[in-house]
Amino acid sequence: QLQLVESGGGLVLAGGSLRLSCVAFGRISNLIVGWFRQATGKEREFVAADLRSVGIIRYADAVKGRFTISRDNAKKTVYLQMNSLKPEDTAVYYCAAKLLGGSEYGTWGQGTQVTVSS
């Protein structure tokens with residue numbers, strides 16, 4: 001059974017940086033791991049996904065150029081490096097996983113809070 005645990009959130013000033021980690025407990029090979037976020041009062045939105053094995057990395061327009069997704073399969077960890085943070089980035093950030101070729105993310109972490117102070 002695959003489980004995902006996010007960490008690395010916290011309070012940061014606007015313009016600052018955070019690196020989120022998503023540790024997988026279980027086999028992650030041949031999986032796509034993505035990051036999502038949900039701000040208070042808003043729907044969950046896509047942030048980034050690492051599809052390196054199929055030659056694709058996707059970012060939401062709102063974070064493109066500021067956030068970088070990466071992974072270390074040996075450590076079973078996916079990272080989200082967040083630079084130049086803005087108050088509108090404040091949200092609970094989740095990692096999620098789906099099978100290659102799948103259309104739905106079926107496994108989700110518990111989330112980690114990111115708060116960016118203006």
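**Entry 1: a surface pair.** I started with Lys-64 and Asp-61, whose side chains meet in a salt bridge at 3.3 Å, N to O. By salt bridge I mean a side-chain nitrogen of Lys or Arg within 4 Å of a carboxyl oxygen of Asp or Glu. Both Lys-64 and Asp-61 are exposed. My cut-offs are under 20% relative accessible area for buried, over 50% for exposed and partly exposed in between, with a 1.4 Å probe and protein chains only.

**Housekeeping.** This is a predicted model, so local features need pLDDT of at least 70, side-chain atom pairs count only at pLDDT 80 or more, and totals for chains, interfaces and linings use all residues. Residues are numbered from 1 along each chain as its sequence is written, and side-chain values use heavy atoms, with hydrogens and water left out.

**Entry 2: the other salt bridges.** The structure holds 5 salt bridges. I looked up Asp-89 with Arg-66 next, and their side chains meet at 2.7 Å, N to O. Asp-89 sits in the loop between E8 and E9, while Arg-66 sits in the loop between strand E6 (56–59) and E7, so the pair links distant parts of the chain, 23 residues apart. Strands here are DSSP runs of at least two residues (helices, H or I, need at least four), numbered from the N terminus. Asp-89 is buried at a relative accessible area of 1%, and Arg-66 is buried at 11%. Shared partners join Arg-37, Glu-45, Arg-66 and Asp-89 into one salt-bridge network.

Arg-37 also meets Asp-89 through a salt bridge, 2.9 Å from N to O. Arg-37 lies in strand E4 and Asp-89 in the E8–E9 loop, so this pair ties together parts that are 52 residues apart in sequence. Arg-37 is buried too.

**Entry 3: the core.** I then checked the largest nonpolar core, which has 36 residues. Such a core is a set of buried Ala, Val, Leu, Ile, Met, Phe, Trp, Tyr and Cys residues joined through side-chain atoms within 4.5 Å. Trp-35, Val-47, Phe-67, Leu-80, Met-82 and Tyr-93 have the most contacts inside it. Among the elements giving two or more residues are strand E4 (31–38), strand E8 (77–82) and strand E9 (91–99).

Leaving out residues up to four places away in sequence, Tyr-93 touches, among others, Trp-35, Arg-37, Phe-67 and Met-82. A contact means heavy atoms within 4.5 Å.

**Entry 4: a loop residue.** Last stop was Leu-100, in the loop between E9 and strand E10 (107–108). Leu-100 is partly exposed, with a relative accessible area of 31%.
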